[in-house]
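Hi,

Here is the structure I promised to pass on. Have a look at it first, then read my notes below.

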Amino acid sequence: MGKHSTHLVWDWNGTLLDDINAVIGATNAAFEEIGLEPITLERYRELYCVPIPRFYERLMGRLPSDAEWEVMDEAFHRHYSEHRIGCGLTEGVEDLLSEWRLAGRSQSLLSMFGHEQLVPVVRGYGIESHFIRVDGRTGPSGGTKALHMERHLAALVGVAPDRTVVIGDAVDDAVAAAHVGARAVLYTGGSHSRASLEAVGVPVVDSLAEAVEEAVRLVA
């Protein structure tokens with residue numbers, strides 16, 4: 001490893017973990033608790049954004065009240081924990097992570113999933129050893145990733161932002177990458193429509209294998 005090596009920062013939900021159906025199920029369960037109609041995957045991807053209250057504003061026509069947000073956030077995480085149990089890793093993840101590490105390159109994981117929940121979950125999927133660092137969200141949910149990315153990279157020894165590529169499924173991943181001077185590649189298998197991702201102006205791919213290839217090209 002070193003400042004001339006490409007470093008990958010992987011996103012978790014919707015990227016390494018193929019959990020979009022669990023997210024939709026949990027979202028609709030949360031909506032039901034405050035009387036909102038269920039949403040389809042296509043509609044979710046069309047409207048999704050962060051901070052999450054802004055996403056709910058697009059659906060409701062107004063920002064949720066503090067009380068509504070508290071109910072929806074708690075309900076989402078409660079139902080997501082139940083739905084996630086049936087989720088697997090995205091196709092090819094184990095081989096991609098292993099090959100990258102065996103080639104002497106470094107990679108880490110940064111997620112907006114709560115840190116205390118994230119670490120045992122990643123360990124449970126048997127891939128923790130591939131990462132030099134695993135960080136989840138600290139503090140309240142519903143925010144953006146930029147400051148978390150700043151802290152994440154600051155904690156990585158010998159990793160230069162301009163040799164770093166963030167691989168994720170959300171516009172917020174690209175925004176966080178730009179915040180620290182890194183590159184980004186966005187994957188269509190998660191939270192956003194392809195059109196939403198392409199509007200950001202970074203490479204957009206349909207598989208994680210393509211994402212890795214693109215990451216290598218970006219910092220060649």
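A quick definition to start: helices here are DSSP runs (H or I, at least four residues), numbered from the N terminus. Their axes are lines fitted to C-alpha atoms over the stretch in contact, with angles running from 0 to 180 degrees between N-to-C directions. Bear in mind that this is a predicted model, where local features need pLDDT of at least 70 and side-chain atom pairs count only at 80 or more, while totals for chains, interfaces and linings use all residues. Residues are numbered from 1 along each chain as its sequence is written, and side-chain values use heavy atoms, without hydrogens and water.

Now the helices. The axes of α1 (residues 20-33) and α4 (residues 66-84) come within 8 Å and cross at roughly 140 degrees. Residues in contact (heavy atoms within 4.5 Å) include Ala22 and Phe31 in α1, and Met72 and Tyr80 in α4. The residues of this contact divide into 11 nonpolar, four polar and three charged (Asp, Glu, Lys and Arg count as charged; Ala, Val, Leu, Ile, Met, Phe, Trp, Tyr, Cys and Pro as nonpolar; the others, Gly among them, as polar).

Next, the domains, whose bounds come from an automatic or database assignment. Domain 1 is 7-16 + 90-219, and domain 2 is 20-85. Their C-alpha centres lie 23 Å apart. The contact takes 16 residues from domain 1 and 14 residues from domain 2.

About 1,200 Å² is buried between the two domains, 54% of it from carbon and sulfur atoms; buried area is the accessible area (1.4 Å probe) that two parts lose on being put together, summed over both.

Cheers

Terms used
Helices (H or I, at least four residues) and strands (E, at least two) are DSSP runs, numbered from the N terminus.
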